Structure formats: structure tokens, C-alpha cells
Amino acid sequence: MQLTPNEIDSVEDMGVLDGNPIKLLRTKGGFFMAIGKPRGKYRDEALAAGSHPAIVKYNLERAYPNFQPAMMKSELLSDNSKVERHSHFLSDSLRKSGHDVYSVQNGDRVEFQITKQNTKLYSVESQLKDGALTFDKMKIGKEFTRALAGATAEKALQCGVKIKIQK
Amino acid sequence: MVKQGVGIPTDYKKEAHNKFDVLWKVKIKGRKTLVDDIPFHCSLRVFDNLKKEDIEKVKEKIKEYGIHTPDSKSLHFKPILFHSKHTHEDYYMLKIDGMSEACDKFFHHFKEGYGFSHPKFMAHITIDKALYDEINKDGLEPEEIEFDDLTIENGASNTIDTLEKGLKHIGAAIGIAAGLAGSPTSTTAQKPPQQSTQPGASQYDSKKMLSSIAQVESSKGKNTQYPAVGGIHHGESAVGKYGLMPNTIRETIHMNRDLSAKHKKALNLKGDDMRRYIQDNPGLDDAIAQKHLQRLEHHFGQNTSKIGYAWFEGIRGTYNADKNKKDIENHWHVKRIKDAYSKEK
């Protein structure tokens, strides 16, 4: 993937990996990447990517357990979002073609993202209120219905709430 | 918050004070007492009366059946609300699964002629509403339950005999024996009777066993396509390098504090979702297989045949096969495991 300087929106400190700084890069198209030098490499490379800074951090921490995030340095990462991957609910063929399902929780707001090759395809917003994970609109491709159902059920179980769809 | 001791029917308290009970006192989440002077306990059998000769008979049968204090880590605890058809009352309980068959044998031996008896042995600990709610809210790890020595009580907290002082549970005994295997001061003689050890068991190696299982199940991860299995598995297929059934995976995660903390969500996964979850979490397959093997070693010692059989037929299946004198040595899976084990370096 080639990026030119005018495609980059911002660059922020993200943390340190094996003594090397890791930067969070945001493209003007809203794509995020963690850039840095892994152990034994001489050049910076993209270590993780995603459609949300918290997803990048989540993927980076899974791939590189030695990564140490910078405390509240990054504006983009300072929202304490909690990310979970629910891609096990996707069919094998959708997984093979690079699809993923994530939930990103920030306070009472829970966003479910369906991504392909780390780029957001669909986003479904929900809110934790009155003991329920409440959804308003859901517009997603029908091939993702089962995966989203699984992801929402998993998230609701984890939060100990019901699922509610507002009409 | 509900007060301690709420939800215990009056009849229960009366019975606890008036009857004889062969039981293990139990500590749950650091709490010892259910209500008043009644300790938490798991009864083997409640008796209307026990004469001196009956007590001797009880002690004899405990010895004969090889009843030992259970290790909570090998058991399953589930909070339930039990409605008794006998007293027509509801009881908050922790239902226990996985108790040794010796307990059933004991229960059935004394079923008739000693007062009221339920149709079959149901291992449980009566709890109160406060604890029932707490467990439902926060969960319960097997490590949070501690069994004391087996005792005979003449009314609650009036111990008239301690039957099993010294040998805490099978796991501890096996652990000591395994640790000392090969040493001149081996404690093999202290092992409980159902824990058989094969000739050459001192050379038993868990890593080698795990590697042999992976070889037999999937050629060490090369072939992980498994057919669907019926019966209790409801059409699910085995998963991963060690051919673990989703049921076993869920059970192992549930029973292990570390795994449960990290992978609680897997307890609700089935079939392909479980397979993909295992794929997405590198190393989880190995961790679960290792824990499951430890559990089998706890049940069957270092007996490669029984472990090989149990990997395929389950713990209960292996005990049943043993009881029915089935030739497990010639079971195809056992033969393959033993063959792979002999080739492992």
C-alpha cells in the first residue's frame, strides 16, 4: 500500500514496541494504521490497521503483546473505547475474503462495525439504556445478518442486558 | 441485599438438627455456615437413626467403595431452585455434577430401611437466597469451594465420627504419587483403588501424551476436518489439533479460572462458531487440551490406555467401561494412542 503525504490527515504517538516508537496514522479517508519498527526489522512498516483507532490498538496488542500504549497521549486513543472481535460468527467464506465484525464500546454507546480488509463496510449504532442494548436502525448486507445477530447477542450477554430494537 | 439465611425452609432446619447425616462440611466463598449452627454441607445420605452397629456398617462401606473427599476442581456446580415433591418446599441449591460413582453405590446400599430416601443420589449443597443470588451474579469458581473431611453427624454440627482424616482428595494423592514416581519413597500404596498405574508409569510424560493425542486426532494439526457427532454432542464436530469436542472445550473453560476469565464468551459458542473462535485465538487449543489432560490424569492416574479411552469416550464412559470390564486395551483409539505414544521422543 502506497500513501502520499497529502493523503495523510494526522500522525500521533501511539506507544512503544520493543523500544521503538509506534505512530498512529490517520488517512483523509478515515482509515487508521499503526506504523513502527518491529523487533529485528530495519524499516518502519504497517503493523496493524482498522477503521477505528481503538480497533487498530486492539489488533496491534493481539499481534504484538509487547506493545506498550502511550498513556492518554493520543487524542484518538484517549476515549477508552473497548473493542471486541466477533468474527467467529462470520461464515468461513466471508472470513477468507477478509471480513471482520467488531464492537466498539464507548460509555453507553456500542458501535458494531463490519469491515473488509480493515475498511468499514457497515456500522450499526446501539445504546446501553434501561437494561437493554437498544438499536434503532440496522442497515447491513443480508450476508452479515447472522454474524451481527451473534455479535449483538454476545455483547448483550457480556453486558448482562437484553436486546431491544426500537420501532 | 438479601440477608444470610433467608430461603431455608423451617422443616429443613428441624431435620438438620434431628437426623443423622454422613456428610462433608463445605466452605463456599469463605463462608462456612448456612444458617444458625447448620454448616454448609454435602450429604452422602441422611439417616433417621444410626445405631452403633449401623455406624460400623457405614464406615465399612465408605472404605469398601473407596469414598474420598472430592476435589472441587473436578466437579461442576450449578445454582438451582429445587422443588421437593416430598416436602413441597423450594430449596436453593448448588447441584454438583461429577461426583464419584462410589457415592451412588453408598447411597443405594443404604437406600432402604433408614428413613426417607430420594429415588437416587443427587449431590448438592443447600444454600440460602443470598448466596444463590451472589453466585448467579458473580459466578462461582470450583476453587471457591472447599470440602472438609467426611464425617458422621448426629444433628447439625454434632460430629460423632470423622471417617477420612488425612487423605484430603484424590487429586492431592495422585499429585504426591506423581511427584514421587520413581523415587524410592514412592507413595503408590496410598493411592485410592480406582487410580490404576501401568507398568512403566514412572516414565509417563504429559507432554508426550498430548503430542500423541494430537498425532492420532489430526496428524498434529494437519487434518482438522472432523465429522459431525450425534448423541450428547447434538451434531457438533470436534475442533482443532486435539480433536476436542465443543462440550469438552466449554466444560474445560468453565472449570478453569484463567481460561474462564479470558474466554468466558466461548461458553456460549457452538459448532462452527466455536471452531472459528479457537482458530482466532492461537494457543487456546493447546491450553484447553493441557487442562483437559490434567483432568483425565486426575481421574485415571498415568494410565495411557484409560486416558486414551477417556479422550474418545469421556470420563463417565471410561468409568462405565471399567465397571463393565470392557476390553479397553483393544479399543482402536487406545491402540492408536499407545502406538503414537511409544513412537514419541
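Start by selecting B:V22 and B:I152: in strand β8 of chain B, B:I152 is the bridge partner of B:V22. This is a predicted model, where local features need pLDDT of at least 70, side-chain atom pairs count only at pLDDT 80 or more, and totals for chains, interfaces and linings use all residues. Residues are numbered from 1 along each chain as its sequence is written, with chains lettered from A and ligands numbered from 1 in the order in which they are written.

One to click on is B:E153 with its bridge partner B:T159. Four residues lie between the strands of this hairpin, and B:G155 has a positive phi near 85°.

Over to the helices. Pick α6(B), residues 206-218, and α10(B), residues 284-300, which pack at about 115° with axes 11 Å apart (axes are lines fitted to C-alpha atoms over the stretch in contact, and angles run from 0 to 180 degrees between N-to-C directions). They are therefore roughly perpendicular (65 to 115 degrees; under 35 is roughly parallel, over 145 roughly antiparallel, the rest oblique). Show B:S206, B:M209 and B:L210, which meet B:A289, B:Q290, B:L293 and B:E297 (contact means C-beta atoms, placed from the backbone, within 7 Å).

Last stop: seven residues of chain B are in contact with nine of chain A.

Note on methods:
Helices (H or I, at least four residues) and strands (E, at least two) are DSSP runs, numbered from the N terminus. Two residues are in contact if their C-beta atoms, placed from the backbone, lie within 7 Å. Two strands pair if DSSP finds at least two bridges between them.
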